[in-house]
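Please consult the sequence and structure shown here.

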Amino acid sequence: MNIFGLVGQIFAIALALFLAPLLTGWVNQCRAWFQNRSAPPLMQPYYTLHKLFLKDVVLAHGASPLFRFAPFVVFGCMILACAIVPTLSTDLPFAPAADMLALVGVFGLARIFISLAAMDIGTSFGSLGGRREMLVGFLAEPALLMVIFTTALICQSTSVATIVETLAHRDFIIYPSLAFAGIAFSFVSLAENARVPVDNPATHLELTMIHEAMILEYSGRHLALVEWAASLKLYAYSCLGLALFMPWGIASGASILGLAAALPILMAKLAVGGFLLAGIESVNAKLRIFRAPEFLGTAFLLAVLGLLVRLLLETRV
Amino acid sequence: MTASIPLSAQLINLFASVILLLAFAMLAQRRMLPLINLFAYQGLALCMSTLVVAVTTGQHHLYWSAGLTLLLKALLLPWILHRLVRKLHVRFDVESLINIPTTMLVGIVLVMVSFNVALPISQLSSTVSRGTLGIALATVMLAFLMMITRTKAIPQVVGFLAMENGLFLAATSATYGMPMVVELGIALDVLVGAIILGVFFFQIRDQFDSLDIRHMEKLKDG
Amino acid sequence: MPPLLPIDLLLIAVAAWLLIGLAGLAAPGNLRYISKRLFPLGALVGLALGATALNFLGSGPQVAVLAIGLPDLPFHLRLDNLTAVFALLLGFASAGISVYAAGYFRKGQGTAPGLLCLEYHFFLASMLMVLMADDAYAFMVAWESMALSSFFLVTTDHKHAEIRSAGYLYLLIAHVGAIAILLSFGVMTSGTGDYSFANMREQHLSPFWASSAYLLALLGFGAKAGLVPVHVWLPEAHPAAPSPVSALMSGVMLKTAIYGLMRVSFDLLGSQPLWWWGVVAMAVGLVTALFGVLYSTVQSDMKRLLAYSSIENIGLLAVGIGLALLFRSYKMPVLAALALTAVLYHCLAHAGFKSLLFLCTGSVLHATKERSLGKLGGLIHPMPWVAWLALVGVIASTGLPPLSGFVSEWLLLQAFLFSPGLPHSWLNMVVPVSAAVVALVAALAGFAMVKFFGIIFLGQAREEALKDAHDAGPWERVGLVWLAGLSLALGVLPSTIISLIDAATRQLLGTGLADRMKENGWWMLAPISPERASYQPLIFLAVITASLLLGRQLVRRLYHGRVRRSPAWDCGYVFQGPRAQDTAEGFSQPIRRIFETLFRMQSHIPTIRDERPYYSVKVEDHFWHWLYLPLARLVTAFSHLVARLQGGRIAIYLLYSFVTLIFLLLVARP
Amino acid sequence: MDLFTLMLAIPLISGLLLTVVGERAWAPNLNIIASLGTFLASALLTYEIVATGPRMAFGEQFFIDSLNVFLVTLTAFVGLTTSIFSGPYMRNEYEHGRLSVPRLRLYKSMFQLFMFTMLVALTTNNLGILWVTMEAATLTTVLLVSLYRTAASLEAAWKYFILCGVGIAQALFGTILLYFAAERVLGESGNSLLWTHLVQVKGQLEPTIMVLSFIFLLVGYGTKVGLAPLHNWLPDAHAEGPTPVSAVLSGLLLNVALYAILRCKVLADGAIPDNFAGNLMMGFGLLTLATAAFALSRQKDIKRMFAYSSIEHMGIITFAFGMGGPVANFAGLLHMTMHSLTKSAIFFAVGHATQKAGTQLIEDIRGLIRINPVIGWGLMLGTLAILGMPPFGVFASEFMILTNAMKYYAWATPILLVSLGVAFAAIFGKVQPMVFGETHARPLPHAPAITPVFVHLALVLMLGLYIPPYLTNWFHQAAKMMG
């Protein structure tokens, strides 16, 4: 582990912390355009975070230490996730700490904590949100794993860095399996990031919300951290998707030049991705909660198809 | 052919046939006291056949055996049974689970089976009375059948004792009787058994007011 | 005097446990003497056993013959690395459980403390004997003693009819399983009549008989482990037992079954398994795991929930064993070693966290006298120790980093990931999909565990009395902390531990992972190569902790740390009493709905016309209705038939005798 | 007087003596002392036999070899413990008004006479005497079965008498045929029924006769063993008689009847080819085992249930001896021992339990462990032992039988295992709620004599873990003798 790598790593984390709210803001803005509304400023998430940090925390009477502890854990998990996913360079010292499976584990850990925190106050909506979050989680996880399997099979590795390196820096081959996996992955990302059609980040309609229901009782800095963590999650998923399915432009070594080149490419890709996400969210209707299994089942099916296609068409005997 | 069979053997066969006949008669007998009488006659016939064997072969212990049979089977046991019947007031008809003609038919089949089973064995025997082994077996079987078909306690016991008769016949026909100590033991057992049965009859009557064993069907699983 | 070999030390441990148990009979009513002297002593023995086993790992096998047993077959004992791994598990897990038990058992719980002490330590000793046995007779004696002592422990509180019937079901299935195991041993001797394991190793069975032996062993050990469909006793017996016993049964005893299965399929059955053995084990394991986790999510009794979760974990273990068999049959030793390591690791991990969770339920039970999730809630306030330690167990059992459950599941998934190298196209396609089922199971386990923890410890207390609940006592805390520590250690030091248990893998498969891993340093878990897959729990933990602390500090420094208390917001909803929270049934409603066909449900949903509306839902086991009840009916019908033989009529009895005689006379010929 | 005579004389004389003085207060003690004397004599005799080898007595009429000497010791031992057990048991019965003094006298004298017949049956060399004593055993016990003079006990005794009488009559026919076969070889000497002589010439006995003879003997003595479908007297007699009688019927009489079959089997095996006798016994054994196992689950009376359990075990033992060979014979002998010890222990415990509860109905007996933990645990452990749970000795023998069956008669294993499983389910399911659970029973006037239960169980436990070498040798010799 050289010092340069460490700096690169810290830079990647800082970048994630900075870019994540921006991405959220960008998506919101695009969505407003799509829906013919006047858009909030691009920087609105930053303002909100700042505002929330300034506010006092209003804690419900029944809140336990877990409730106060959870946002930090979630935030920490998301930072770790962002640290592992290659954004600019694949030379990340933290990358061997967790491969793709561990990445899924990180998201899982965050989910468990946020769900538990949701149940902590003992309100009706909190536990409702908690159980729905877990529902989405257990449906999305196998599909995500199948996606990972497909990519891992192609690259003979589960290490994110290795996968990205393999995919980005070898001869261009068309992998039909990756197309299936990509679609499945985007389905999963929508679900995992509380997006339409599974959840609606903008709703406070009691019976439809999932993520919002969980964090109803949060306020002040806790809410800020949770929201920031949500942005980071979206960012991490986006970067992961980009790294797996559009890995071009990510630097392989730790060179200033490479990083400098990679940053604009990343921003551009994220901008396109956010735009597409907003588009998807706008043209789709939110599903009933019990349609979510069908949605994620489709994702799972696609991922399995990808895997089979991989085994059938792309294996050299 | 018949001339070649010695007289003693003919006599033995005669008595054996009488025993078989009496076994059939017992099977068919509906009344209590005649049944006991038939049993006594059977004991007598058994005694006679044993005697003939004893005379023919000169086996001394067979005399004892014959005497014992006479005393026990023809006199003592019928007497005890008579007393019991009188004391217990059970001279009524003997009821049978299956009707008599059917029983007889089954009996015939049994005789055939017994003869067939005994045939290869009796050919191995060297005694004068070897032909009667089949008859002995048939007597045992018929007594068995009688025990199955009767519903009163006393006929069942008579059947049981008749079975012992058949066994004695077998013992004298296949061999020349069992060793003396065994015969005495068997006789003692039979006697004690009969006495205990007598005690039983009283107990049963006290308990059930009848000697009909169909009262005694309470202990069961089904 | 010759130096004491490790195997002697193990035997001394057996004897010590037996003696401690018997010492309990000296003053069966003296609770203080028994709980504060004998149980800690038992824990010390456990600790010493664990240390001995740890020290032994990597050495060559040792054998001993005791002068007891059958005349032709004295007790053969053997200590090898596989035994040592499980003895390690037994020793360390039981140490924590025994310490906990020292504070747990109170007066007035049915069985006298002295007797309980005897049964408990007898149970421990018999488990150790199971691990050491090296012939079928010693194994069966130890095996059934284990079943028997645990049966008595399960029925400690025998005045409840349901506990009695749970015990009955348990012992019955254990006995049936034991019969299957015995048969399996019988087949493995292949008619030589020598029932020592050494002889079985030497036999070369034809595929048919080897498969029979394997399937019988799978049935027999599966009955003990709780594999579907012979799992029905498990969710009944675990809740019935006192919590330390549940912990021992779930954490350790189930592992002895896994041990047995491994012993048979990898050691005794020779070196060449058939490929479909692995498939069978995997299929059974997947069904079991899915079944277990689904049912665990819908339980409303906390110990039943954990019991079903144990079924799930056993299923995962079976999957791992199946995978290892599969790889082994295709001569892929490294991958087989990977799968087998996952199995062994999961055994250790499960022993730690499941014991921990069961003990936590014990504390909750003591504090609240309540097992039903519907009457608990908010216990994190009165019982912070238990709650936070339970959280450790919850995270570990959910298979999330950085705790123990994750490492094993990670290893298992890695093993799956490399299965497409199999020279069998069907397997190539089906096996990865099985991995998705494993993932589904892991995610559902998360659901169940969130339910478990959330309903018991979080939210508002559902009953008034819960506010007076007391936290665990000092003894109990020590036990809990020990087990939580084990879970943590297993979570963050995977390489170190794998290099220890590697000796067992190498013994069974001829190859291990340790050599490869040594190159990467102790902090990194990279079973094949770091490029391929790696996991560094310490860095993982450090990053999360650092960002957590840093975040907290920064927020406080840059902004402030003010907090105000107020009633909960809840979208302005007014009725916020404890009844407004999700019930245990409500929490699992999505699962019941999605997997409706897999449950046998009897629900009552109120209508608006109901005078007294109520809602109820009862989830039952399909297997019970489709397998066990028909079987019981069959036996009943048969016995009805047989009972007719005994009709009470003497004439008929005589007729039997008569017919038998005639029949034999006519038919029987030499 | 030598030990052997002493051993036979003590029960005979004390039995006769007790008919006279059985009403005295010290009579139960005399009963115990006599049993103790018998046991000591038999133990010393065993020691002597082990030291010096087989011997004859009274000319050649009696003989003691390695096969019967252990059964003699076992019989005397179980007789002793039963007499100890029956002291307080019978006193309780008396004080409950179920038995009068004359009947107690009858019980004690008949008990001793029964012991006498058992010992004679075991030691006699003469197959005729064997038959006589078997019949005498029926006669001595039939009055004991009807000791309570209730309708049910009379019915049971009547069935016992008739069925066993008929059975034994068939055995006599078999004996006659055997004698007949022997006479052709040995001539008309008085030795033709002496087993020691017969066994010398067993190869020359005429097979045709021996087949018939063995069938009759098997059906005859098999009735007494309780082989299905000849077993129907057994549950009734066990359930309705006083418990000590059930204990000795199960623990001793069945064994002795089986012993008689074994003696005959040795001869039949010598004469008839193709393991005819063995196959027959295996068939009967399996049928018996299966029948009893399935009948078990329908029992409502505790003693009746354990009677069926005895039938089941007799089936197992018969099967084991049917298989033959050193291992199976060894296992059969071991199982006989284990079954005797365990089953009589169970009956002791059951006796106290039923006395406490005042009923024999399973569903009315609850929570024994609360009323009296010793009885409760005795019954529980005894039940587990008889069900073949290690580390009790029954498991050791069942293990050997099962493994031997797997080796030579694999087809029989499923039947064995299913039956054992069903029996386990049935018995344990019924005993567990009896032992555990709540109850409201009152205490007994006389403390139970529970020592015998635990002495037996301790022996069974010990034999499950460790069979002393001399016992092993002894069983081996016996097993070898049976071929």
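Are helix 1 of chain C and helix 2 of chain C roughly parallel or roughly antiparallel to each other? This is a predicted model, in which local features need pLDDT of at least 70 and side-chain atom pairs count only at pLDDT 80 or more, while totals for chains, interfaces and linings use all residues. Residues are numbered from 1 along each chain as its sequence is written, and chains are lettered from A and ligands numbered from 1 in the order in which they are written.

**Helix packing in chain C**

Helix 1 (residues 6-26) and helix 2 (residues 31-56) of chain C pack with their axes 10 Å apart, at an angle of about 170°. Axes are lines fitted to C-alpha atoms, for helices over the stretch in contact, and angles run from 0 to 180 degrees between N-to-C directions. The two helices are therefore roughly antiparallel, a term for angles over 145 degrees. Helices here are DSSP runs of H or I with at least four residues, and strands are runs of E with at least two, numbered from the N terminus.

Residues are in contact if their C-beta atoms, placed from the backbone, lie within 7 Å. Among the residues of helix 1 of chain C that take part are C:L9, C:W17 and C:I20, and helix 2 of chain C contributes residues including C:L38, C:V45 and C:F56. By class, this contact has 15 nonpolar, four polar and no charged residues. Nonpolar covers Ala, Val, Leu, Ile, Met, Phe, Trp, Tyr, Cys and Pro; charged covers Asp, Glu, Lys and Arg; the others, Gly among them, are polar.

**Contacts between chains**

Of the four pairs of chains in contact, chains A and C share the most contacts. Two of the contacts are set out below.

| Contact | Residues from each chain |
|---|---|
| Chains A and C | 72 residues from chain A, 69 residues from chain C |
| Chains B and D | 36 residues from chain B, 38 residues from chain D |

On the side of chain A that touches chain C, helix 5 of chain A provides the largest share, 17 residues. That side divides into 46 nonpolar, 18 polar and eight charged residues. A:V57 has C:V563 as its bridge partner in strand 3 of chain C.

On the side of chain B that touches chain D, helix 7 of chain B gives the most, with 13 residues.

No contact joins chain A and chain B, whose closest C-alpha atoms lie 55 Å apart.

Methods:
Two residues are in contact if their C-beta atoms, placed from the backbone, lie within 7 Å. Two strands pair if DSSP finds at least two bridges between them. Angles under 35 degrees count as roughly parallel, over 145 as roughly antiparallel, 65 to 115 as roughly perpendicular and the rest as oblique.
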